[in-house]
Amino acid sequence: MSGKKVIFDTALRASVNLQSSKLPSELTKSSTALFSALSGVKATLPDLPYDYNALEPAISAQIMELHHTKHHQTYITNLNAAMEKMDSAMINGDVSAVIALQGALKFNGGGHINHTLFWENLSPNSDYNEGGTLDKALKERFGSKDGFISELTATSLAIQGSGWGWLVYNPKTKMVDIAACPNQDPVEATTGLKPLLGIDMWEHAFYLDYKNVKPDYVKAIWDVINWDTVEARLEAAK
Amino acid sequence: MKLAIASLFIGLASAWSPANDASSSRREAISKTLAAGAALAYPLVSNAYSVPDLPYPYEALEPYIDTPTMKIHHDKHHATYVANINKAMEGKEEVPILDLMENALDAGPVRNNGGGHYNHAFFWSEMAPPDVAKKTKPSDALAKMIDASFGSMDEMKSQFEAAAAPGAVFGSGWVWVVLNNAGTKLEIVGTPNQDNPLMKGVKDEIKFPILGLDVWEHAYYLKYQNRRPEYVSNWWNVVNWDKVSENFAYVSEKKSGVPVEG
């Protein structure tokens with residue numbers, strides 16, 4: 001760390017064209033703070049909380065393995081690459097490069113966030129807590145759990161192209177609601193709504209099992225929802 | 001249409017059955033038959049777009065595009081776009097699907113389903129079985145324009161593959177080689193979902209596709225799963241450069257999109 005700091009301070013001195021080896025103390029303090037923020041924290045692929053075959057027959061082991069080890073991993077790999085480039089761009093004060101990276105960060109960062117949330121809101125055990133916080137919130141907004149299921153199903157199926165259907169918490173209305181986001185757009189960062197339950201509607205999420213018959217996929221996924229996680233997220237969001 | 005013709009034959013034949021000996025009832029039987037036949041031939045949905053037949057069997061693009069994908073892609077995905085555009089255009093003036101493209105952004109269903117129908121009809125027509133495709137090549141005019149626009153065919157393919165890479169057309173979409181609006185050069189553009197460059201507002205100006213590749217996951221997932229770059233680099237083996245050259249000649253002359261069947 002100290003070696004890097006020497007290089008960094010040298011670069012700083014060069015950039016502000018100081019002849020002296022002594023930087024103003026405020027500047028050295030802030031450069032250390034800046035550098036430690038860019039210490040290269042890398043995203044890693046989280047383990048699934050269940051075996052690849054645990055969600056069958058709703059989602060096959062083949063899809064789970066591909067989805068986790070290939071698709072999610074690729075978002076992580078590309079996110080880390082984009083973050084490294086972002087670090088350099090920030091250190092160099094290259095505003096143009098920072099802006100140019102936004103698309104890659106949203107796509108790959110969103111992909112990482114969304115899939116991490118997704119694995120957690122699926123489970124072979126889909127026990128539902130009648131009368132709990134989540135149940136009350138769903139009834140308040142949708143009339144019933146089935147009413148909610150119906151609406152999120154319809155929203156998810158209506159997505160054109162690639163995207164995600166979400167149950168969200170709206171901190172402004174203090175109610176749950178439904179949202180759809182395109183591509184890998186992360187819910188909270190792009191809408192301010194807090195994600196509670198996500199359904200991946202990208203074709204890779206279901207194609208090997210269901211081909212073009214999206215409705216069968218969405219119908220089946222309700223058998224493997226981890227309602228406890230959804231409820232915990234709601235409680236945390238409130 | 002076949003059903004209409006069959007019912008015409010049966011109906012007309014039955015008009016001459018013994019039960020219809022009296023000429024007035026035969027006239028009635030015939031006119032009823034004609035009415036029924038007409039109704040079958042011209043369904044109440046006025047636009048009646050249809051999925052064009054593939055110009056080759058489902059297995060013809062193997063091993064580069066697999067048979068199950070061709071079947072599902074053509075018979076299910078394309079058919080769904082056609083069913084939906086027909087629903088959206090019910091009761092409206094009948095126009096070729098190409099004519100719906102310019103203002104497609106005005107209406108969501110036309111953008112998604114009209115675009116989907118046009119794009120897929122365009123796609124089937126520009127491909128050919130590998131042994132046929134490898135005998136095709138760009139016309140002199142097209143080759144010259146490729147060199148002028150990209151430097152070389154290899155350079156064009158390289159740029160096309162980069163544009164088709166996962167993340168480049170984020171999510172679902174298409175990659176196109178297009179003639180720019182002024183007709184002066186070829187460009188490579190990506191469009192999301194079922195948009196295409198003929199739609200006003202999708203790009204800075206309307207551009208005319210001569211070649212396009214579907215990079216929606218349904219186009220390759222059964223065989224390639226996440227390996228989209230492999231799908232794209234293999235796809236060149238089934239491109240019919242004679243048809244692409246025809247497309248180029250057409251758009252250069254008419255400054256309009258290539259018409260498609262269906």
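Good morning, colleagues. I begin with the surface of chain B: this chain exposes about 12100 Å², and carbon and sulfur atoms supply 56% of that area. Please bear in mind throughout that the structure before you is a predicted model.

From the surface I turn to the interior. Chain B has 262 residues, and buried residues make up 48% of them. As for how the chain is connected, consider contacts between residues at least 6 apart in sequence: in chain B, 69% of these join residues at least 24 apart.

Next, the secondary structure. Chain B contains 10 helices and 3 strands. Followed along the sequence, the order of these elements is α-α-α-α-α-α-α-β-β-β-α-α-α.

Part of this chain carries an annotation. An unreviewed UniProt entry assigns "domain: Manganese/iron superoxide dismutase C-terminal" to residues 138–246 of chain B.

I close with the confidence of chain A. Its mean pLDDT is 89, and 83% of its residues reach 70 or more. Which stretches of chain A have a pLDDT under 50? One of them is residues 15–24, where the model has 8 contacts beyond four places in sequence. Another is residues 27–37, with pLDDT below 50 and 14 contacts in the model beyond near neighbours in sequence.

Thank you for your attention.

Note on methods
Residues are numbered from 1 along each chain as its sequence is written. Chains are lettered from A and ligands numbered from 1 in the order in which they are written. This is a predicted model: local features need pLDDT of at least 70, side-chain atom pairs count only at pLDDT 80 or more; totals for chains, interfaces and linings use all residues. Side-chain values use heavy atoms; hydrogens and water are left out. pLDDT is the predictor's confidence in each residue, from 0 to 100. Contact means heavy atoms within 4.5 Å. UniProt positions are given in the numbering used here, feature names are shortened, and annotations may be inferred rather than shown by experiment. Helices (H or I, at least four residues) and strands (E, at least two) are DSSP runs, numbered from the N terminus. Buried means under 20% relative accessible area, exposed over 50%, partly exposed in between (1.4 Å probe, protein chains only). Accessible areas come from the Shrake-Rupley method with a 1.4 Å probe; for residues, only the protein chains shown count as cover.
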